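Thanks for coming. Please keep the sequence and the model open while I talk.

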Amino acid sequence: MKRYNPSEIEPKWQKVWADTGIYEVTEDHKKTKNYILDFFPYPSGASMHVGHVRNYTISDALARFARQRGQNVLHPMGWDEFGLPAENYAIKTGVAPQESVKKNTGHFKKQLIQMGIGMDWTREFGSSDPSYYKWTQWLFTVLFERGLAYQKESLQWWCDTDKTVLANEQVEAGRCWRCGNKVTKKPLKQWFFKITDYADRLADDLEDLDWSDAIKAMQRNWIGKSRGAEVTFKVADSDHEVAIFTTRPDTLFGATFMVLAPEHPLVRRIVSDDQRQMTEEYIEAAIAKSDVDRMDTEREKTGVATGAYAINPVNGQKIPIWVADYVLMGYGTGAIMAVPAHDERDFAFAEKFSLPIVQVVEQPADTEPETCYHGDGVMINSEKYDGLDTAEAREKIVADLHKKQVGHERVNYKIRDWLISRQRYWGAPIPIVHCQKDGQVAVPTDQLPIELPAMESYEPSGDGRSPLARVPEWVNTTCPKCGSPATRETDTMDGFACSSWYFLRFADPYNTGAAFDADKIKYWLPVDTYIGGAEHAVMHLLYARFWTKVMHDAGLIDFDEPFTSLRNHGMIWAPDGRKMSKSFGNTIAPDDLIADGYGADAIRVMELFIAPWNQGANWSTEGLGGCYRFLTRAWTVSQEYIHGTKLMANHELETRLTIATHKTIKKVTEDLHSMGFNTAIAALMEFVNELYKIKVELPPHADNLAWREAISALAQLLAPFAPHISEELWSELGHDDSVHVDHWPTWDEKYLVADVITIVVQVNGKLRAKLDVPAAASEQEITATALQDEKVAAFVGTAKPRKVIYVPGRLVNIVP
Ligand code: ANZ
């Protein structure tokens, strides 16, 4: 009998799987396809720790379960290689990012294989492979031709540390998402993707996705759809007009002043001479502030009066126009009507500058009184609209404004166009040529990819230009349209462009003539289950949805949502409860645990057993020890079975064994369907305990049918969690195929329905009690229960009965 030795069996099977290619798939229309995908990992220099491993253990368990059930499972892996860390490393060390990323991905891949993660490695690619980014560039041209990629000069978030612009999504509370330093604004010419054209569909289509409500809500908030009206106010004594956006047109009669954003182009035209100086100074100070600071409701309100007035279109009233930084230029029209009685920010502003406050909505009497009531109610101080409720008034007022051509309904979005250009080296070059005559020209497909030139140093210039601008041989080219001298765009694409379509490329990774073959896409996509942490609520998950919709509209694919179900797993924290991080020195690498002898299987079981998959947990080495002991026990009882010498029969114990087997098959199957990995593993642990109880009296033996079924099922049910030990046992059980492609065991309800049976208890042949006992209970257990029953004991007493007759499954007769 062999000892459980993971360090021997694990590498052995990993080699067999690679040699036989059991995870490699092709389209097979006779089988149900199942595309299970992990978030595109960024291969940083640090190696994978047990926190990362959880993601892949979850997707692998799902993939294996599906494969065992006969599905055609695509579980591929590739690398999100572009981006700042590799470039910053290159700047520090001089090592070309092309080299360092391959070293990192190589290590990452080795770790995944070591963990027994079953992937189709024949589909591997990296986003920095020119054969891949050729098609990222091509997709850029698809967006460009559809008017969805454009260049525009605007004030942009700029990170002085990383020397690059950042997308809105990459600025968190005024700080760079990567380095955490404060960002500033710089006027720069940048490339954008027009994601705003898709705002409605991106918000509406969330409805049908099998994603968590939290992620959907975050996307909805980010898109920030709000319904309201645009209303035009005339500027008194001038030809100017100001449009404002409001979600509360019903409060128009309560507008006591107007506020323009400091950047509003009208400010300088309407400001009165005596207010000009102050206004200029105010504008300058305001522009330097971040939107987050400006919107902070806790902050003391600031502003200046322009000296100009606006005419309220509903009642002709003259109201002063102010400039204040709490109004943002980037939202709505950059101007608001202020209704201090019903809007908190306007209220604070009116209090500070002693502006009038006019209540126009009566707060319902049955609600807690508020100084600044912002809810619905009955209209007051609003002339002919008085007495209406606010919802009705909104419609009537907007209809009347529309008739007078001074207003209309408007839907507004918070989302801004996606800033895509980066002034950095390590990204896919934007495939545009600037020509004196033809302007911006997309590089034709047959001239793609535009490859990154080799460079001596990768430092950004800091003047807002990419290092590529320093390579004249690369920059100077000819116009693809007219052939005259032209220059290449020197900005590169944000890495999120590459991760916006990689899931399509896995269906057809080495196609050189197209981004992908339509039939292959039709077969494999959309992704059935997408698995990753919760950190990508907006950026990647929104961008990928956007590109998918564009590709759909361009007729390239026939679906418009990329990820049918999204599953965000919980984090594994260090044993000290903190995030695992190199700087805390608390990371735990799977490599070390494997070297310590625990083996990948025990680590995998621990990753899934530690907590429900969507909840976080602290890593525990004692817990890992427990998982290792569980696998050792499963191994040992299987060995006893395989090498068993004592063939015995015991009908009752065999029934109990069979029931336990079928119960476990059912439980593990049902749990796996709902991703109940931890409870499935708990059921397997219980099953092994039961096997240990049974084997005391019924020794495991290969010719005992009940044992054969139990041990075979054990190997099969363990396979999604602990693929190596189960493969070894399966092979020792005499199979020459892999447990992972053989079949998933099924249960027979007949062993489960009679979970409880009713036993009649007689004393001297007279009926004294009826007992419900587990069908699997033994004779000893049943007679003991019968003797302990109160009604029975009354006739039997405490002395040992002379005789106990047991008719299996039916009756106990006691002769006192
Ligand atoms: C008058 C009013 C009265 C408003 C009231 C609210 C309550 P959401 O829901 O986020 O779309 N607003 C409009 N444009 C703005 C800008 N550029 N910067 C700052 N605030 C702006 O918010 C829409 C409301 O935010 C608008 O409706 C406007 O104030 C303000 F009792 O108009 B409201």
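**The parallel sheet**

Four strands make an open sheet, ordered β2-β1-β24-β25, and their pairing is parallel. A word on the source before I go on: this is a predicted model, in which local features need pLDDT of at least 70 and side-chain atom pairs count only at pLDDT 80 or more, while totals for chains, interfaces and linings use all residues. Residues are numbered from 1 along each chain as its sequence is written, and side-chain values use heavy atoms, with hydrogens and water left out.

On terms, helices (H or I, at least four residues) and strands (E, at least two) are DSSP runs numbered from the N terminus. Two strands count as paired if DSSP finds at least two bridges between them.

At the edges of this sheet are β2 (72-74) and β25 (563-568), each pairing on one side only. Neighbouring strands are turned against each other by 20° on average, direction ignored. The axes behind such angles are lines fitted to C-alpha atoms, for helices over the stretch in contact, and the angles run from 0 to 180 degrees between N-to-C directions.

Strand β1, residues 33-38, runs parallel to β2 and is joined to β2 by three bridges. Within that pair, Asn34 stands opposite Val73 of β2. Helix α2, residues 50-68, packs on the sheet and touches β1, β2 and β24 (527-532); the direction of α2 makes about 170° with that of β1. Contact here means heavy atoms within 4.5 Å.

Pro526 sits in the loop between α16 (518-524) and β24.

**The mixed sheet**

The next sheet is also open and has four strands, in the order β29-β28-β31-β30, with mixed pairing. Why is one side of β29 and of β30 left without a neighbour in the sheet? β29 (766-774) and β30 (803-807) stand at the edges and each has a single partner strand, so one side of each has no neighbour there. From one strand to the next, the twist averages 20°.

β28, residues 756-763, pairs with β29 in the antiparallel sense over eight bridges. Val763 is opposite Lys766 of β29. Packed on this sheet is helix α26, residues 779-788, which touches β28, β29, β30 and β31 (811-815); its direction makes about 60° with that of β31.

β19 (residues 432-435) and β20 (residues 439-442) run antiparallel and are joined by four bridges. Cys435 has Gly439 in β20 as its bridge partner, and the hairpin connects β19 to β20 through three residues. Pro449 is in the loop between β20 and α13 (472-475).

Asn381 is not a glycine, yet has a positive phi of about 50°. Asn381 lies in the loop between β15 (378-379) and α12 (390-403).

The other hairpin is formed by β8 and β9, with five residues between them; Asp237 in the turn has a positive phi of about 55°. Six bridges link β8 (residues 226-235) to β9 in antiparallel fashion, and Glu230 has Phe245 as its bridge partner in β9.

**The ligand**

Which residues come nearest to the ligand? Of the 17 residues around the ligand, they are Ser226, Thr246, Leu328, Tyr331 and Lys414. A residue is taken as near if one of its heavy atoms lies within 4 Å.

For polar contacts, the criterion is a pair of N or O atoms within 3.5 Å; within protein, one must be able to donate a hydrogen and the other to accept it, and residues adjacent in sequence count only if both atoms are side-chain atoms. Ser226 has a polar side-chain atom 2.5 Å from a ligand oxygen atom. In Tyr331, a side-chain N or O atom is 2.4 Å from an oxygen atom of the ligand. With Leu328, a backbone N or O atom lies 2.7 Å from a ligand nitrogen atom.

On its own, the ligand has 650 Å² of accessible area, and the protein covers 87% of that area. Areas come from the Shrake-Rupley method with a 1.4 Å probe; for residues, only the protein chains shown count as cover. The elements that give two or more residues to the shell are β9 (241-246) and β13 (335-338).
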